[in-house]
Amino acid sequence: MDLGLEDKVALVAGGSSGIGLAAARELAREGAHVVIGARDRDRLAAAERSIKEVARGRVGAVSVDITDRAAARRWVDDVAADFGALHIAVVSGGSPPFGRASQFDLDEYQGAVDQVLLPAVGLALAALPHLIAAGWGRLLFVASETASVPVPPLALSGVTRAALARFAQALAADVGRDGITVNVLAPGGVRTPPMERAAANLAAGGDIEEQISAMGHHSAVGRLARPDEVAAVVAFLASERASYVTGAVHLIDGGASVTGPDLPHLQARKDTHA
């Protein structure tokens with residue numbers, strides 16, 4: 001299937017690992033010029049090499065902290081100036097701490113907003129004039145299942161991702177007639193480096209693969225997603241083929257939302273406190 005991405009210019013925040021890297025590789029494979037941004041220079045360099053292995057267009061990598069509003073805007077403007085246009089912005093970033101709503105104080109809620117919500121909004125607003133100038137654009141936010149369904153142990157994620165979804169939907173109504181679509185991806189459990197670190201912590205020296213298996217067991221397909229499975233949805237939503245898809249939150253959870261809210265890999269903890 002030709003996705004119509006040849007020579008489109010794509011910017012991917014959080015593109016040095018996990019879903020962001022997988023999305024950058026998928027866009028590059030489809031012929032887009034891709035520039036990734038993240039903070040860690042070593043991981044960026046490795047990611048850039050990985051993308052170039054499959055790329056048909058230009059590939060770039062820039063060390064940038066998107067929580068720095070001025071730096072994020074400069075990055076967006078520089079990419080558009082260097083490539084002559086900007087068509088696609090994919091925002092994939094960090095996650096706030098785990099925990100239930102009552103265990104955080106107001107400063108921690110503020111920190112989550114500053115870490116997750118405002119950088120994504122800022123990057124979108126920086127990209128928007130360039131997308132309008134191009135007359136064709138795709139804004140994609142890689143969020144979490146908490147943008148779509150409540151997960152009580154992920155309270156900060158839910159607060160920030162639900163707010164991001166409402167921003168995206170409001171923005172979609174503003175820019176649809178400019179040829180720009182705005183969508184939110186809401187992936188469930190994905191086997192990314194942070195998920196593997198969480199599994200190592202939960203395993204406490206035990207079998208990490210067993211813990212990874214438990215983390216994915218509650219989905220309908222019985223496993224965690226691979227980053228490339230989420231990236232395939234990114235590529236489609238970024239494409240010409242998805243020109244009528246906008247203002248939506250796309251739940252990609254392997255059917256976890258239909259099997260029930262219990263998380264088996266946390267059950268042992270619950271039992272010890274019963």
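1. A residue is called buried when its relative accessible area is under 20%, exposed when that area is over 50%, and partly exposed in between. Glutamate 26 has a relative accessible area of 17%, so this residue is buried. The place of glutamate 26 is in helix 1. Leaving aside neighbours within four places in sequence, glutamate 26 is in contact with Ala231, Ala232 and Ala235.

2. The model under discussion is predicted. The mean pLDDT of the protein chain is 92, and 95% of the residues score at least 70. Residues 264-274 call for caution: pLDDT stays under 50 there, and the model has eleven contacts beyond four places in sequence for this stretch. Where pLDDT is low, the predicted coordinates should not be read in detail.

3. The sheet should be described next. Seven strands make up an open sheet, with parallel pairing and the order 3-2-1-4-5-6-7. Strand 3 (59-63) and strand 7 (248-252) are at the edges and have a single partner strand each, so one side of each is left without a neighbour in the sheet. From one strand to the next, the twist averages 15°.

4. One pairing may be followed residue by residue. Strand 6 (residues 180-187) pairs with strand 7 in the parallel sense over five bridges. Within this region, leucine 185 stands opposite histidine 250 in strand 7.

5. Two helices that meet the sheet deserve attention. Helix 4 (residues 106-134) lies across strand 1 (9-13), strand 4 (88-92), strand 5 (137-142) and strand 6, and runs at about 170° to strand 5. Helix 8 (residues 227-237) packs on the sheet and touches strand 4, strand 5, strand 6 and strand 7. The direction of helix 8 makes about 170° with that of strand 6.

6. Which residues of helix 8 are buried? They are Pro227, Val230, Ala231, Val234, Ala235 and Leu237. Seen down the axis of helix 8, these buried residues fall within an arc of 165°, so they line one face of the helix. Their packing partners are helix 1 (18-29), strand 4, strand 5, strand 6 and strand 7.

7. The salt bridges come to a count of ten. One of them joins the side chains of arginine 29 and glutamate 26, at 3.0 Å from N to O. Both residues lie in helix 1, three residues apart, which is about one turn of the helix. An α-helix has 3.6 residues a turn, so residues three or four places apart point the same way. Arginine 29 is partly exposed, with a relative accessible area of 33%, whereas glutamate 26 counts as buried at 17%.

8. A further salt bridge links the side chains of glutamate 209 and arginine 191 (2.7 Å, N to O). Glutamate 209 is in helix 7 (residues 208-216) and arginine 191 is in the loop between strand 6 and helix 6 (193-203), so the pair ties together parts that are 18 residues apart in sequence. Glutamate 209 is partly exposed at 44% relative accessible area, and arginine 191 is partly exposed at 31%.

9. Arg223, Arg226, Asp228 and Glu229 are linked in a network of salt bridges. Between arginine 226 and aspartate 228, the closest N and O atoms are 3.0 Å apart.

10. A backbone detail remains. Most residues other than glycine have a negative phi. Aspartate 7, which is not a glycine, has a positive phi of about 70°. Aspartate 7 is found in the segment before strand 1 and is partly exposed, with a relative accessible area of 47%.

Note on methods
Residues are numbered from 1 along each chain as its sequence is written. This is a predicted model: local features need pLDDT of at least 70, side-chain atom pairs count only at pLDDT 80 or more; totals for chains, interfaces and linings use all residues. Side-chain values use heavy atoms; hydrogens and water are left out. Two strands pair if DSSP finds at least two bridges between them. Helices (H or I, at least four residues) and strands (E, at least two) are DSSP runs, numbered from the N terminus. Axes are lines fitted to C-alpha atoms, for helices over the stretch in contact, and angles run from 0 to 180 degrees between N-to-C directions. Contact means heavy atoms within 4.5 Å. pLDDT is the predictor's confidence in each residue, from 0 to 100. Buried means under 20% relative accessible area, exposed over 50%, partly exposed in between (1.4 Å probe, protein chains only). The arc is that of the directions from the helix axis to the C-beta atoms. A salt bridge is a side-chain nitrogen of Lys or Arg within 4 Å of a carboxyl oxygen of Asp or Glu.
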